Amino acid sequence: MTHRVRGVIARSKGAPVETTTILVPDPGPGEALVTVRACGVCHTDLHYREGGINDEFPFLLGHEAAGVVEAVGPDVTSVAPGDFVILNWRAVCGDCRACRRGRPWYCFATHNATQPMTLEDGTPLSPALGIGAFAEKTLVAAGQCTKVDPAASPAAAGLLGCGVMAGLGAALNTGNVGRGDSVAVIGCGGVGSAAVAGARLAGASRVIAVDLDERKLEWARGLGATHTVNGRTEDVVEAVRELTGGNGADVVIEAVGRPETYRQAFYARDLAGTVVLVGVPTPEMRLELPLLDVFGRGGSLKSSWYGDCLPERDFPVLIDLYLQGRLDLDAFVSETIPLDGVEAAFTRMHRGEVLRSVVVF
């Protein structure tokens, strides 16, 4: 059986997205059909539309989603029809070198659905991050579905599928923030604000939010920042050092992905401290640092992929914390929009007016 549903696609580089009919097949072996309840509008979707990921147009956009499993393939046992799930783009294989070493959060061979979703004329669609959830239904690998408590709001829960998990995980997993640590977060959009929330959740005693926009600094304060630094009016490195007894922060999380902010992060950390890069740079960017400083300051320089998360481990725990009132995922939902509101949401996101716009079905 084939399901005719509405979805949002990008046909060509830079062109506005459009809402159209797509065809979604019933699940085959290892696959699950999911009725999407909510999907966040992420910068990665805009990168796809702009051709910044690859040129495999047309794309079925959307990947930061939660929904209900409608059907599964004949060999699927991990989820069942009726399960409330968060979709993820790290369906670990269990057999690559990372998985065999006991580090599945680095899995190099994650699974996607085998069957294509298509346009009505049969043109195959490239689903964003192997998901394609700006659609009423989507077909994914069963391992891309993580079952969580259905009491959670779909709009909030789905954000763990990408940006919010990236920020939380940068603090909790990659940065390994501990009780009493000082943390600075440079860039307080959706990912950076989630890193602020993650640092507070981990028990950091001082969480310093850094941005150029007072609106974003206010968001960060609401999510647990104890101090803020406006990079337009203050020297970021000196301000962070002043707020940490002249030493620098134990962990500095760079959530912008630019050479100049990475340098700030490098010099704003304490000796033997940790820098975590979770902001995504562009291919042409280059970084220059004195090698003697890299050696002499010690510590760790890390990159955080998807917050180094393991969805089956992290999603249920974080949803439980959300339901207990200890993690305010609702605060990241700036607005809910219809499916045909994605293009306008891209504009608001680009202007920094929202943490997340969320399509709700």
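Q: What share of the contacts between residues at least 6 apart in sequence join residues at least 24 apart?
A: That share is 69% in this protein. Keep in mind that we're looking at a predicted model.

Q: How many helices and strands are there?
A: The protein has 11 helices and 18 strands.

Q: What percentage of the residues count as buried?
A: Of the 361 residues, 53% do. As for the surface, the protein exposes about 15100 Å², with carbon and sulfur atoms supplying 49% of that.

Q: Switching to charges: how many positive and negative side chains are there?
A: There are 32 positive and 42 negative ones. The centres of the two sets lie 4 Å apart.

Q: Now Lys-137. Is that one buried or exposed?
A: Lys-137 is buried, because its relative accessible area is 18% and the cut-off for buried is under 20%. You'll find Lys-137 in strand E9, which covers residues 137-141.

Q: Which side chain does Lys-137 make a polar contact with?
A: With the side chain of Glu-70, at 2.5 Å.

Q: What else is Lys-137 in contact with, leaving aside neighbours within four places in sequence?
A: Besides Glu-70, the list has His-3, Val-5, Val-24, Leu-33, Val-34, Thr-35 and Val-36.

Q: What about phi at Asn-176?
A: Phi there is near 50 degrees, which is a positive value in a residue other than glycine. Asn-176 belongs to the loop between helix H4 (163-174) and strand E11 (182-186). Asn-176 counts as exposed, because its relative accessibility is 57% and exposed means over 50%.

Q: And phi at Ala-272?
A: Ala-272 has a positive phi too, near 65 degrees, and is likewise a residue other than glycine.

Q: Where is Ala-272 placed, and is it buried or exposed?
A: Ala-272 is in strand E15, residues 269-277. With 56% relative accessibility, Ala-272 counts as exposed.

How values were computed
Residues numbered from 1 in each chain as written. Predicted model: local features only at pLDDT ≥ 70, side-chain atom pairs only at ≥ 80, totals over all residues. Heavy atoms only, no water. Helix = DSSP H or I, 4+ residues; strand = E, 2+ residues; numbered from the N terminus. Buried < 20%, exposed > 50% of the residue type's maximum accessible area, 1.4 Å probe, protein only. Contact = heavy atoms within 4.5 Å. Areas by Shrake-Rupley, 256 points an atom, 1.4 Å probe, with all protein chains shown as cover. Lys, Arg positive; Asp, Glu negative; His and termini not counted. Charge placed at Lys NZ, Arg CZ, Asp CG, Glu CD. Polar contact = N/O pair within 3.5 Å; in protein donor to acceptor, adjacent residues only side chain to side chain.
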